[in-house]
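Subject: The structure to look at, with notes

Hi,

Here is the structure I promised to pass on to you. Please open it and keep it beside you while you read.

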There are 2 protein chains.
Amino acid sequence: MLKTRLLELRQGVLSKNDQIAERLRERFHSEGVLALNFVSAPGSGKTMLLERVLERLLRDGHRVAVLAGDLETDNDAQRLARTGALVHQIQTHGACHLEAEWVQQHIAEARWDLSDIEFLFIENVGNLVCPSSYDLGEDLRVVLISVTEGEDKPLKYPVLFNSADVAVITKIDLVEAVECDLELMKRNIRAVRPDMRIFETSAKRDIGIQPFVDFLIEERKQRFTFC
Amino acid sequence: MLKTRLLELRQGVLSKNDQIAERLRERFHSEGVLALNFVSAPGSGKTMLLERVLERLLRDGHRVAVLAGDLETDNDAQRLARTGALVHQIQTHGACHLEAEWVQQHIAEARWDLSDIEFLFIENVGNLVCPSSYDLGEDLRVVLISVTEGEDKPLKYPVLFNSADVAVITKIDLVEAVECDLELMKRNIRAVRPDMRIFETSAKRDIGIQPFVDFLIEERKQRFTFC
């Protein structure tokens, strides 16, 4: 009984989230902002990948902002701010995912002029389950998976991998050390999301970052030809 | 408005979970079962650590059972069953944590005679947030953290680390490859949970497994001196 009512309320909350996400997406599109939602397990390397990506985009004159979600600390926001990008922290105080409403609130709080932003990166809470249900108004959901996590993770967390548009395999410099079968990992990603575009990267060794950056620039171009 | 009602219902559901967990704990105690709830991020190595632990306990004549929680696959249950332990799978079909009610149901479904089990291992869903709120009737909550995840994870997920009784650092054979500062990781664990007992292990290289097994045997002895 309790559970049935809980589910009904959750659907209510979710559809409210979807409405806000849809409005956010329209706003991003009208301002020419490509919005990206980065999801992954804790420790898969979202922040370090973002550092490398931001550095390259900024170096080439692009205008970039980041909303960094974190349960309790502002470690990630501090690291990302050092690149020179606009960075704002969303502390979730225990919540296991970000919601569209918080994205909306924190964009207002940061007082960003969206027309002056080309790329908005939203770094979600490290969690392979809950963020899959929450649209944040993004154009692309990017799922990261580290070679240290095991080849089977896409099969074990199919909903998140299925809801993502792009996969980035991280820490590929460790493939041999952890005896990861990279081909098997890619097959497993495509078993739950056929034809998924997959990038192979090592932020620490600066491997595979540029193709991912080029992809983001191209995705934005295709959407906003007026720029 | 919706959110206030949702929270109230969640508390209702949680306290129902707590009641079932308390009854489970009483049952485990009356039967001499040491129950352990293994929590961690996805890919931190819960299953491989359990394989090594089960092998040693079974080799020494202990009676061991495992409830393996997984969103969609039975990969973990299959791997664990090869050790010869009693293994039963809990497929959560998307849920981000285990609940006491499911533990109760699946013990009944498995038709285990609890009086013939000394150690019950419950492998939770890989998630550093949601499982922290759900008591499963365990005696000890064991949190795993892999050296590949970064030293800051205890600070970023303090609730789970604070609710755990023991920490097991996994994959220590990779300390150098991933440039992990093990002392900093331990300091961060103890910053959120002072005096936490910490084990350092590599299941792949068979390092540090026996001290953890000895600890489990000793913990059971201290609780059930009648055996």
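First, some ground rules. This is a predicted model, in which local features need pLDDT of at least 70 and side-chain atom pairs count only at pLDDT 80 or more, while totals for chains, interfaces and linings use all residues. Residues are numbered from 1 along each chain as its sequence is written, chains are lettered from A and ligands numbered from 1 in the order in which they are written, and side-chain values use heavy atoms, with hydrogens and water left out.

**The sheet of chain A**

Chain A has an open sheet of seven strands with parallel pairing, in the order β3-β2-β4-β1-β5-β6-β7. Helices (H or I, at least four residues) and strands (E, at least two) are DSSP runs, numbered from the N terminus, and two strands pair if DSSP finds at least two bridges between them. At the edges of the chain A sheet are β3 (86–91) and β7 (197–200), each pairing on one side only. On average, neighbouring strands here are turned by 20 degrees against each other, direction ignored. For angles, axes are lines fitted to C-alpha atoms (for helices over the stretch in contact), and the values run from 0 to 180 degrees between N-to-C directions.

A:Val39 stands opposite A:Val143 in β5(A). Helix α8 (residues 209–223) of chain A lies across β1, β4, β5, β6 and β7 of that chain, at about 140 degrees to β1(A).

**The sheet of chain B**

In chain B, seven strands form an open sheet with parallel pairing, ordered β3-β2-β4-β1-β5-β6-β7. Its edge strands, β3 (86–91) and β7 (197–200), have a single partner strand each, so one side of each is left without a neighbour in the sheet. Strands β2 (residues 64–70) and β4 (residues 119–123) of chain B pair over five bridges in the parallel sense, and B:Val64 stands opposite B:Phe119 in β4(B).

**Where the chains meet**

How many residues of chain A are in contact with chain B? There are 44, and they touch 44 residues of chain B; contact means heavy atoms within 4.5 Å. The two chains bury about 3600 Å² between them, 61% of it on carbon and sulfur atoms. Buried area is the accessible area (1.4 Å probe) that two parts lose on being put together, summed over both.

Eight salt bridges cross this interface, a salt bridge being a side-chain nitrogen of Lys or Arg within 4 Å of a carboxyl oxygen of Asp or Glu. One of them links B:Glu179 with A:Arg205, with the closest N and O atoms 3.3 Å apart.

**Salt bridges overall**

Over all chains, the structure holds 46 salt bridges. Including one within chain A: the side chains of A:Asp135 and A:Arg25 meet at 2.4 Å, N to O. A:Asp135 lies in the loop between β4 and β5 of chain A and A:Arg25 in helix α1 of chain A, so the pair ties together parts that are 110 residues apart in sequence.

Enjoy exploring!
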